[in-house]
Amino acid sequence: MPSVSAVIVNFNGADVIEDCLDSLFAQSRAPDEVIIVDNASSDSSLEIIRERYRERVRLLTLDFNAGFPAACNRGIEASSGELVAILNNDIVLDREWLASLLAHDTDEWSFWASRIVFASAPDRIDSAGDGMAVVGAAYKIGHGDPAGGHEESKEVFGPCAAAALYRRRLLQETGGFDEDFFLVYEDADLNMRARLLGYRCLYVAGARVTHRVNTQIGTLSHSYVFYGHRNSEFVFWKNMPGRLFWLYLPERLLFNLFSLLFFTLKGRGLSFLRGKWDFARQLSLLLAKRRLVQRGRRLTTAQFRRQLDRNWLRYRLNYARPE
């Protein structure tokens, strides 16, 4: 049985961190080590961790809020397991979560997605793995569907990093999470780079998780819109293979127009435009990263294209579903 390290990123998680850690330590197959990376929390969560879990976790404290992907990378670097679980601090794990994932540890798979339901509506699914649309927009498979569905394990594009499991070699070869993302879409970017290298992901229906969605970032907040739509540009411009980039660029522009209209109606048009401006400001750096990604990819254009979803409008309409 492979060794497993669990990495949890914490930021002002006083209201959620105990439920998360208690569910992790109650696993039928416990992780071999638990590393918490704190992003300069200003609430009482650090005191809670030190008082209740000091002997059971390794706590890394950052001097400033470096963002979710940077904190994940610090935890990965400090870990030693052959497999690394990445967890949000606002999730609660079913007792058999890790055992269910490890039951599917075969050479065919290199990362695994969980079956995530809303804490606010446990009868509905938040994510049954993540997909990727041709316009570079990630989406949650099964988002809003009845929780009784999606009971079969199957291959998906990648996991939602709220509760995901990765082989260390995948994290090493991809370089882990791109820290320039800060938050939102960092998992979609990692998924895309891993898929370009030929790694495959399995959604494990028995790996059940409850998620307090957007506990810190909020739904349709400035940060949610700014980072989400800046970083979706990062994903498309950095990772989409050349022929597909030019093929789907017109649809990408249409997707952006549709999104601008949507967020303007929601009162977040300025947040959306600021995200696009910040993307344009970093374009030269992004193109340098693109050269590295495309030079290293193993899949042909045709192989990668088959993994993408043409129906990007479905992703956009999911914003209208309540969470």
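Rings of Phe, Tyr and Trp (its six-membered ring) pair up if their centres lie within 6.5 Å; planes under 30 degrees apart make the pair stacked, planes over 60 make it edge-to-face, and the rest are tilted. This is a predicted model, where local features need pLDDT of at least 70, side-chain atom pairs count only at pLDDT 80 or more, and totals for chains, interfaces and linings use all residues. Residues are numbered from 1 along each chain as its sequence is written, and side-chain values use heavy atoms, with hydrogens and water left out.

**View 1. Here is an aromatic cluster with five members.** Phe 236, Trp 237, Phe 245, Trp 246 and Phe 279 form one aromatic cluster. Look at Phe 245 again: the charged end of Arg 290 sits over its ring, 5.3 Å from the centre. (For a charge to sit over a ring, NZ of Lys or CZ of Arg must be within 6 Å of the ring centre and within 35 degrees of the ring normal.) Arg 124 does this too, lying over the face of Phe 118 at 4.9 Å from the ring centre.

View 2. A search of the whole structure turns up 14 aromatic pairs. One of them joins Phe 157 and Phe 304, edge-to-face, with 6.2 Å from centre to centre and 65° between the planes. This pair links distant parts of the chain, 147 residues apart: Phe 157 is in the loop between strand 10 (154–156) and strand 11 (163–167), and Phe 304 is in helix 11 (residues 301–305). (Helices, H or I with at least four residues, and strands, E with at least two, are DSSP runs numbered from the N terminus.) Both Phe 157 and Phe 304 are buried. (Buried means under 20% relative accessible area, exposed means over 50%, and partly exposed is in between, with a 1.4 Å probe and protein chains only.)

**View 3. Next up is a stacked pair.** The ring centres of Phe 182 and Tyr 227 are 5.4 Å apart and their planes are at 25°, so this pair counts as stacked. Phe 182 lies in the loop between helix 5 (168–174) and helix 6 (186–196), while Tyr 227 lies in helix 7 (residues 222–239), so the pair ties together parts 45 residues apart in sequence. Phe 182 is partly exposed, because its relative accessible area is 23%, but Tyr 227 is buried, at 17%.

**View 4. Time for some salt bridges.** A salt bridge needs a side-chain nitrogen of Lys or Arg within 4 Å of a carboxyl oxygen of Asp or Glu, and the count by this rule comes to 24. Asp 22 forms one with Arg 52, with the closest N and O atoms 3.4 Å apart. Asp 22 is in helix 1 (residues 17–25) and Arg 52 in helix 2 (residues 45–53), 30 residues apart. Glu 233 and Lys 276 form another, with 2.8 Å between the closest N and O atoms. Since Glu 233 lies in helix 7 and Lys 276 in helix 9 (residues 269–281), the pair ties together parts 43 residues apart in sequence. Glu 233 and Lys 276 are both buried.

**View 5. Let's stay within helix 9.** Asp 278 and Arg 281 meet in a salt bridge (2.6 Å, N to O). Both lie in helix 9, three residues apart, which is about one turn of the helix. Asp 278 counts as buried because its relative accessibility is 11%, whereas Arg 281, at 53%, counts as exposed.
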